[in-house]
Amino acid sequence: MTSATDRSRASRLAPERIARPGRRRRFVDRVLMLDVGLVRTQSALRTLLCVPAGMAVGLALASAVGLPGVLGVLIGAMPAFISCLIINDVSAGRIAARTGAVVVPFVVALFASVALDRFHVLELALIVVLLFVQFAAMGWGPWATDAAAVVFSGYLCGLLTPLPAASVAGLALIGAGSLAVTVVIRGVFLRPMPFRSLLWTRRALLAWATAVLRAAVDLLAVGPDASRERVRAARRLRRRLDRFQEVALTADGMLAAPGAGPTGATAETLHRLLFDTHLAVDGLGRTAETLAGSGAPDDVRAAVAEAIRTVVRGGGAQGATAAEGMLARFGVTPSARADGSALAHVVHRAALQLADLAAAARAWGTLRAALPREGDAVPFRTPVVLVGGRPSGAVPVLDDALADGMTGPWRRWHVSASLRTGIQAAVAVAVVEPLALLLDGSRFYWGVIGVMIVLAGTNSTHERVRKALHRGVGTVFGGALGIVLVHLLGTHHPWWTAGIAVFALAVGTYGFGGVYAIWVTALVVVLCQVYAYGGSFTDTLIPFRLAENLLGAAVAVLVSVVVLPVASGRMVRSAVRRQLAAVRSFVLSAGLVDVGGDGPRDADPSDPDAFDLRRRSRAVDAATYQLDAVMKPMVRFPSGGAARTDARTRAALQSVAVFARELAGRPAPIARPPVPVVEALAHAAGVLATSIDALSGAVGSGRQRGEIRRGDDAWVRASDALDAAVAATPPGPAHEWVHDRVLALGRVDDALAVLAERSGLPVAGVASGATSTSARARRAAALVERHLLATDR
């Protein structure tokens with residue numbers, strides 16, 4: 001049974017609640033929008049609770065075994081902080097096991113740092129090995145990753161605080177006590193909550209939906225003469241649409257997480273509602289972009305803006321009413337008299353999107369009572385993979401690029417992404433260490449840390465340069481703040497200093513997955529306090545740290561350019577090919593052909609397990625997100641060239657993702673079509689899939705327009721088969737889904753044919769008549785009329 005509290009919580013998350021909330025709710029929504037699923041907030045909370053507990057245990061145990069209190073505090077804080085930062089799992093039991101398992105690596109690392117203190121050369125050489133292992137272990141599983149990270153941090157901890165050999169047993173006891181209290185706190189007070197994270201993510205999705213709709217209204221309200229204001233409003237809407245897309249993917253990935261809550265049919269229904277809400281709101285935002293970009297008349301923009309404003313004020317359930325009012329206002333405008341115009345098509349599509357939003361709101365009401373509070377099963381499959389609470393970005397693209405083999409002198413090498421980063425880290429540290437010793441021999445490890453930080457979590461030269469800049473900016477601001485605090489507090493207020501350090505680490509942990517400069521600022525503030533109590537703080541400390549960190553960062557960037565490099569263009573081509581593969585699977589499913597291309601053509605097209613277009617569309621969306629992750633960090637030049645080509649490629653593939661999403665959101669078939677229709681659809685899908693294969697090969701070879709092609713590769717238009725499917729389809733609403741698929745496949749054919757021509761492939765054939773502007777306008781008008789009638793019923 002579902003309690004009244006659960007039903008109330010579910011109702012607050014329903015799509016019909018897209019309206020202006022109260023002040024408290026706006027604040028909570030803003031927090032959730034900034035931190036989807038509260039992933040970073042939970043990480044900061046872990047730091048805020050576990051690090052002080054580790055400090056307290058370290059202080060108590062240090063007093064018991066006769067070690068300095070400051071040493072106990074530092075050693076107690078380190079394992080608690082590192083374990084909270086890197087260890088996160090789906091259950092408290094797994095977290096406890098992984099946290100307890102790092103006791104041995106931490107103690108071994110401390111012992112090694114003490115034992116090798118007299119052998120400086122060996123000590124330096126071991127740093128190279130440990131850093132290599134830390135990055136290479138990322139491909140060996142979570143347990144190996146935990147151990148490698150703790151070994152490296154424990155070894156550096158020993159370098160930061162030279163320790164006598166007799167203190168190893170006491171320090172081991174402190175480390176074990178710190179990890180033990182961390183396990184207790186995380187098991188009792190900070191247990192994993194995947195179901196609550198899913199609830200928070202859904203609420204963030206709806207908050208971003210409201211933000212998108214308001215930005216769309218603002219854009220439509222800008223007059224044609226206010227060019228600067230229109231550009232700013234368009235950029236704001238585009239940023240919100242991109243963020244909305246990321247949150248939708250995150251929600252889809254969380255639905256498939258163990259313990260997320262809904263299972264079976266409930267999870268599928270929830271997935272469909274989230275998908276449909278995303279589809280409708282995203283479509284309305286794109287409609288506003290189209291109307292503003294095409295210079296639509298004021299009366300048309302005002303009609304659409306008022307309809308969206310009605311939804312913002314009254315909620316998603318008002319979508320059908322808003323659509324009827326918009327069509328009535330549009331019907332008396334001069335633009336409505338141009339039968340089959342592109343503008344009429346856009347307005348009718350907006351009406352359809354508003355009706356879809358109303359249908360999703362109505363369907364949500366029937367699902368509220370079925371939502372459970374918790375669950376322990378994987379509810380359904382999804383192509384979206386989450387890493388750190390966000391959809392996976394450039395890492396799969398890099399893996400694909402490396403799987404094809406290296407180029408130049410490295411062409412014989414076949415390495416994974418983690419092994420490649422490990423090799424680059426080892427080479428960079430081997431270069432940095434002697435330079436850092438010459439610059440400041442007592443703190444050479446700062447250069448090592450600069451290498452490690454720049455390489456961690458980055459996959460391209462652009463990302464590494466950007467991270468190095470963030471580190472430099474954070475060091476400057478953190479140094480200024482840390483120096484001021486040291487001069488204000490000195491070493492006379494240890495409790496104030498400890499509180500500031502813990503708070504700074506919590507703030508830094510929150511910023512770690514977002515704005516990296518925040519993390520660096522907080523870390524430098526903490527280090528200033530640590531060095532003050534260690535008696536080695538001077539005002540020149542920060543300039544030296546900045547110099548050595550930037551030295552390590554610069555060497556890391558240079559090494560990544562020379563050792564096992566992966567060119568940006570190759571990354572882009574790999575991302576494009578990944579998306580084309582996802583589009584190919586979607587096209588075959590839309591044409592009632594399995595992914596292998598051989599059938600089953602006799603399967604029931606209404607069976608969601610046989611042809612799941614939503615899941616195929618989500619795979620296209622995930623590939624689009626990965627393409628954006630590769631292209632966004634790149635520097636754009638006004639002169640165009642390759643950057644302009646990449647931008648056009650990105651726009652074409654994003655439009656294909658939109659076409660796929662729109663078709664996936666259409667109603668499922670309700671009747672088997674005649675055999676000629678099935679054959680025509682399957683033939684069109686096969687022709688389109690073959691052309692996509694040819695385009696993928698052209699993209700992989702890097703050919704451009706005008707270059708000599710190899711073999712008989714060409715883009716062959718599927719127009720004849722699509723028109724044949726339309727001609728063979730019997731009239732009546734039972735087979736209207738065929739027209740939906742013909743239109744979507746034709747639009748995919750149109751968009752990718754342009755991309756094929758730019759990639760050096762000849763294009764044979766012309767566009768299908770089903771994709772013309774007049775045909776789309778008539779089709780949209782008929783769909784709107786039927787959908788509004790269904791919504792009224």
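Start by selecting Arg-301 and Asp-298: both sit in helix α13 (residues 298–314), three residues apart, about one turn of the helix. Helices here are DSSP runs of H or I, at least four residues long, numbered from the N terminus. Before going on, note that this is a predicted model, where local features need pLDDT of at least 70 and side-chain atom pairs count only at pLDDT 80 or more, while totals for chains, interfaces and linings use all residues. Residues are numbered from 1 along each chain as its sequence is written, and side-chain values use heavy atoms, with hydrogens and water left out.

Back to the pair. Arg-301 makes a salt bridge with Asp-298, and their closest N and O atoms are 2.1 Å apart. A salt bridge here is a side-chain nitrogen of Lys or Arg within 4 Å of a carboxyl oxygen of Asp or Glu. Now, which of the two is buried or exposed? Arg-301 is buried, at 7% relative accessible area, whereas Asp-298 is partly exposed at 47%. Buried means under 20% relative accessible area, exposed over 50%, and partly exposed in between, with a 1.4 Å probe and protein chains only.

Next, pick Asp-29. Asp-29 is buried, with 9% relative accessibility. Asp-29 and Arg-25 are both in helix α2 (residues 23–34), four residues apart. An α-helix has 3.6 residues a turn, so residues three or four places apart point the same way.

For a salt-bridge network, select Asp-252, Asp-282, Arg-286, Arg-618, Asp-621 and Arg-661. The count for the model comes to 26 salt bridges.

Last stop: helices α3 (residues 39–65) and α4. They pack at an angle of about 150°, with their axes 7 Å apart; axes are lines fitted to C-alpha atoms, for helices over the stretch in contact, and angles run from 0 to 180 degrees between N-to-C directions. That makes α3 roughly antiparallel to α4, a label for angles over 145 degrees. To see the contact (heavy atoms within 4.5 Å), show residues including Gly-54 and Gly-58 of α3 and Gly-72 and Gly-76 of α4. Among the buried residues of α4 are Leu-71, Ile-75 and Pro-79.

Key. Helix = DSSP H or I, 4+ residues; strand = E, 2+ residues; numbered from the N terminus. Parallel < 35°, antiparallel > 145°, perpendicular 65-115°, else oblique.
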